[in-house]
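Dear colleague,

Please look through it first; my notes on what was found follow directly below.

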Amino acid sequence: MRLEDRVAVITGAASGQGRAAAKLFASEGAKVVAADIDEGGAQRTVEEIKEAGGEATAVKVDVSREPDVRAMVESATDRYGRLDVLFNNAGVGYSASGRMKMASVVETPEKDWDAILAINLKGVALGCKHAIPVMERQGYGSIINNASINALVGLPGADAYTAAKGGVVAFSRVLAVEWGPRGIRVNCICPGGVDTPMIAPVISDERVMQSMRQNTPLGRLARPEEIASVALFLASEEASYLNGAIIPVDGGWTAH
Ligand SMILES: NC(=O)c1ccc[n+]([C@@H]2O[C@H](COP(=O)([O-])OP(=O)(O)OC[C@H]3O[C@@H](n4cnc5c(N)ncnc54)[C@H](O)[C@@H]3O)[C@@H](O)[C@H]2O)c1
């Protein structure tokens, strides 16, 4: 029970990596606040956790809206009395491409640029803004931000997404420096290709899938659980000396 008596808020918990992390954290003893803009999906995550004997509650949040994020943090403290772990995982990518253009900056409408940055970067900032004061009072906290290998290497074609994820990496570092002295560790995960609904629209193209396999020394996509296990490690006391780390979880993509 690596998270016994810990309270964890996970954004984007209705799907993919967030759902996998919510289930894994709960199985390790955490009380989980499963937050997502997709309330029904978050509720399903909670049902799966409860069926397995865990404790969780679902919260509807749009991470780009400060009142929602404030309420999300309050729901953790009101219900469970504290907040130990924040996994800032919610994001939009290719699955949102009907609504927001994932393209070169030259082809990205300003409103789409703003919307992608608002969710993928400001959303992380707002989560930290409201969680950190609670963690500071406790003298304890672990924040994990989900960026992407797009932040580490130049992958053409989703420039707003890439700019946001690069911002998440830099933001994670500065928070680690600012808040480490007060007992709050901040670390960042940079996944490669993960088999979730986010990239379904692009991996259905066999040529894209083939190039992803070629770029990944392990020759395959990650399962969401393989990212969740790294988040669990960072959340737990096993990572008690990790702060400000930017960790590629990419099957070796960024190693070459
Ligand atoms: N799948 C990949 O290949 C991949 C690679 C690198 C990084 N990532 C990052 O991993 C994170 C998780 O993505 P995933 O792969 O599990 O995708 P996913 O699409 O399965 O899950 C994303 C979740 O975020 C939620 N969400 C979207 N906008 C939101 C908002 N405004 N407020 C609250 N919730 C919102 C969605 O409803 C969804 O449940 C994202 O930050 C993504 O950018 C994904």
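A polar contact is a pair of N or O atoms within 3.5 Å; within protein, one atom must be able to donate a hydrogen and the other to accept it, and residues adjacent in sequence count only if both atoms are side-chain atoms. By that rule, the side chains of R213 and E206 are joined by a polar contact of 3.4 Å.

Two remarks on the source apply throughout. The model is predicted, so local features need pLDDT of at least 70 and side-chain atom pairs count only at pLDDT 80 or more, whereas totals for chains, interfaces and linings use all residues. Residues are numbered from 1 along each chain as its sequence is written, and side-chain values use heavy atoms, with hydrogens and water left out.

R213 belongs to helix α7, which covers residues 206–215; helices (H or I, at least four residues) and strands (E, at least two) are DSSP runs, numbered from the N terminus. With a relative accessibility of 36%, R213 counts as partly exposed. On this scale buried means under 20% relative accessible area, exposed over 50%, and partly exposed in between, with a 1.4 Å probe and protein chains only. Apart from residues up to four places away in sequence, R213 touches E206 and G219, where contact means heavy atoms within 4.5 Å. R213 is also 9.8 Å from G251, C-alpha to C-alpha, although 38 residues separate them in sequence.

The ligand

Which residues are closest to the ligand? They are S15, Q17, D36, Y161 and T196, out of 28 residues that surround the ligand; a residue is counted as near if one of its heavy atoms lies within 4 Å. Backbone atoms take part as well. A polar backbone atom of V61 is 3.3 Å from a nitrogen atom of the ligand. Oxygen atoms of the ligand are found 2.8 Å from a backbone N or O atom of N89 and 2.8 Å from a polar backbone atom of V194. The ligand taken alone exposes 840 Å², and the protein buries 93% of that; accessible areas come from the Shrake-Rupley method with a 1.4 Å probe, and for residues only the protein chains shown count as cover.

S15, one of those closest residues, sits in the loop between β1 and α1. S15 is partly exposed, its relative accessible area being 33%. Leaving aside neighbours within four places in sequence, S15 is in contact with D36 and P197. P224 is 209 residues from S15 in sequence, yet their C-alpha atoms are 9.4 Å apart.

Strand β1 and the segment before it

D5 lies in the segment before β1. D5 has a positive phi of about 65 degrees although it is not a glycine, and it is exposed at a relative accessible area of 54%. In β1 itself (residues 7–11), T11 has its place. T11 counts as buried, with 3% relative accessibility. The side chain of T11 reaches the backbone nitrogen of N89 at 2.9 Å. Beyond four places in sequence, the contacts of T11 include G18, A35, V63 and M72.

Helix α1 is mostly covered, since nine of its twelve residues are buried. Among them are Q17, G18, R19 and F25. From first C-alpha to last, α1 reaches 17 Å, close to the 16 Å expected at 1.5 Å a residue; the expected span is 1.5 Å times one less than the number of residues. G29, which follows α1, has a positive phi near 100 degrees.

The 21 residues of α5 (residues 159–179) should span 30 Å, and the end C-alpha atoms are 30 Å apart, which agrees. Buried residues of α5 include Y161, K165, L175 and W179. The buried residues of α5 pack against α4 (110–138), β5 (141–146), β6 (184–191) and β7 (246–249).

Cysteines

How many disulfides are there? The count comes to zero, a disulfide being a pair of cysteine sulfur atoms within 2.5 Å. C188 is in no disulfide, and the nearest cysteine sulfur, that of C190, is 4.4 Å away. C190 is likewise in no disulfide, its nearest cysteine sulfur being that of C188. At 0% relative accessibility C188 counts as buried, and C190 counts as buried at 0%.

Kind regards
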